[in-house]
Structure formats: C-alpha cells, structure tokens
Amino acid sequence: MIKAVVFDVGETLISETRIWSRWAERLGVSHFLLMGLLGGMAALDRPHGDAFRLVRPGFDLEAEDAAWERDDPGGLRNHFDADDLYPDVREALSALRAAGYQVIIAGNQPSRAYDALVAMELPADSVHTSEGWGVSKPEPGFFAKVAAVAGREPAEILYVGDRLDNDVLPAAAAGMRTALLRRGPWGYLHADRPEARAADVVADDLHALVPALERLT
C-alpha cells in the first residue's frame, strides 16, 4: 500500500516559464527562440545546457551564473519564488495529506531552492534538494535517500515527476511506484512515448493523484 507521495520540483510543482524567459533576456535572444531550442533538446534527449551552447558557443553555465549574480544580486535570475508555483499545487498536496499520505518534496535543485520552497509554507512534511543530499537523479543513491527520509519501503512510495529518464524509470528501478505528469515540454513528450507505460499513473494535473492512488491501493 502506498503511504508516501514524493514530488519532483521543476515543471512538477514549479513552472519554469519565467526562469527560461529571464535566461533568454540574459542571453540576448527572443523568448520564442530559447523555448523552441529547449523543446528541441527535450525531444532529442539532450540536456538543456545544449540549448544555451547553440545560442552561445562555448557557454559556461557556472561562469554565467556568477556573472549574473554580480550584475543583479537582488534579482531572481535563475531562481523561483511563490509566483512560479503551479496553481493546483497547494490544493492537491493538502488533499493528499487529508487522505492520510505523507507528502515529501525532493528534486534536482540547488540548495538555495530549499529556502524558496520552505518559504512557500507548502502542505508538505519535508523538503529536500539534490545539492543538499550530494546526489542527483537519476542516480540510485538519490532514490535511496528518498526512501530513507520517508522512512518507508520503496514499494510504499509514489514518486511524481515530469520525466521518464530522471523520474519514472529510475524510481521504478528503485522499487517505487511512479506517476508521470503531463506538464512542461518533457512531460508532454515523454507521456507520448511507449516507455510511459512503465508509469503506474499518467496524470494531466496533480488533482488526479488522489483518485489514482485509490485505484492503486
């Protein structure tokens, strides 16, 4: 029986639209161009950094991050805040807790994302980041950490994310149940692939999780 529901962050709880838009402005290209290139990287299973390198050959993400912070120390830059939260998140997480499920947030995020998520006062039992753990998806060690902080057997956990490669397939390999969220470019593309059948649930939004869990258990 599933007892805990664990959520990815980017394009699961947080819309990255504003982040990518600010990146486009930083790189001096149109929003349309960068969004299109990101969609292409998603379709080709290439990392999003390749989109930056197409725009600016030799692009160094760490160096650009540091330069951007010097230029705009008080701005959001490539960060997020409560305005980026998808509108179904609070209600859906509250419904899961009301139904008796443990709710955990754990995704591939820098440590500073922890503070942003905690400041939102989301209805979650705990928040964790890959940088804080020192291990990232899709590494098995990440999902071992998920099980450890939940205090559950892997089969008692449903991991929810928007990607097959980072979320569904490695979580399933760790023995967890999985939900693929059709949200964001990776979510829509991956939900259309044959491998999406590996997910226990394919959902259009987070409100679908409680009824889906009732069917699974």
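Trainee: What makes strand β1 (residues 4–7) and β2 a pair?

Mentor: This is a predicted model. In it, 4 bridges join β1 to β2, and strands pair if there are at least two bridges between them, so β1 and β2 count as paired. The two strands run parallel.

Trainee: Why is the crossover from β2 to β3 called right-handed?

Mentor: The name applies if, with the strands pointing away from the viewer, the path from the first strand over the helix to the second runs clockwise. The β-α-β crossover from β2 through α6 to β3 is right-handed, so its path runs clockwise in that view.

Trainee: How do you know that β2 is mostly covered?

Mentor: A residue is buried if its relative accessible area is under 20%. In β2 (residues 102–107), 6 of its 6 residues are buried, so each falls under that cut-off. Gln102, Ile104 and Ala106 point one way, while Val103, Ile105 and Gly107 point the other way.

Trainee: What makes β3 and β6 the edge strands?

Mentor: The open sheet has 6 strands in the order β3-β2-β1-β4-β5-β6, with parallel pairing. Each of β3 and β6 (201–203) pairs on one side only. The twist from one strand to the next averages 20 degrees.

Trainee: How do you know that strand β5 (residues 177–181) and β6 pair?

Mentor: They share 3 bridges, and at least two are needed, so the pairing holds. Its sense is parallel. The bridge partner of Leu180 in β6 is Val202.

Trainee: Where does helix α11 (residues 209–216) lie?

Mentor: Helix α11 lies across β1, β4 (157–161), β5 and β6, running at about 145 degrees to β4.

Trainee: How do helices α1 (residues 17–27) and α2 (residues 31–43) cross, and at what angle?

Mentor: Their axes come within 8 Å and cross at roughly 115 degrees. The contact includes Trp20 and Trp23 of α1 and Leu34 and Leu38 of α2.

Trainee: Which classes of residue make up that contact?

Mentor: The contact of α1 with α2 has 6 nonpolar, 3 polar and 1 charged residues. Glu counts as charged, so Glu25 of α1 belongs to that class.

How values were computed. Residues are numbered from 1 along each chain as its sequence is written. This is a predicted model: local features need pLDDT of at least 70, side-chain atom pairs count only at pLDDT 80 or more; totals for chains, interfaces and linings use all residues. Side-chain values use heavy atoms; hydrogens and water are left out. Buried means under 20% relative accessible area, exposed over 50%, partly exposed in between (1.4 Å probe, protein chains only). Axes are lines fitted to C-alpha atoms, for helices over the stretch in contact, and angles run from 0 to 180 degrees between N-to-C directions. Contact means heavy atoms within 4.5 Å.
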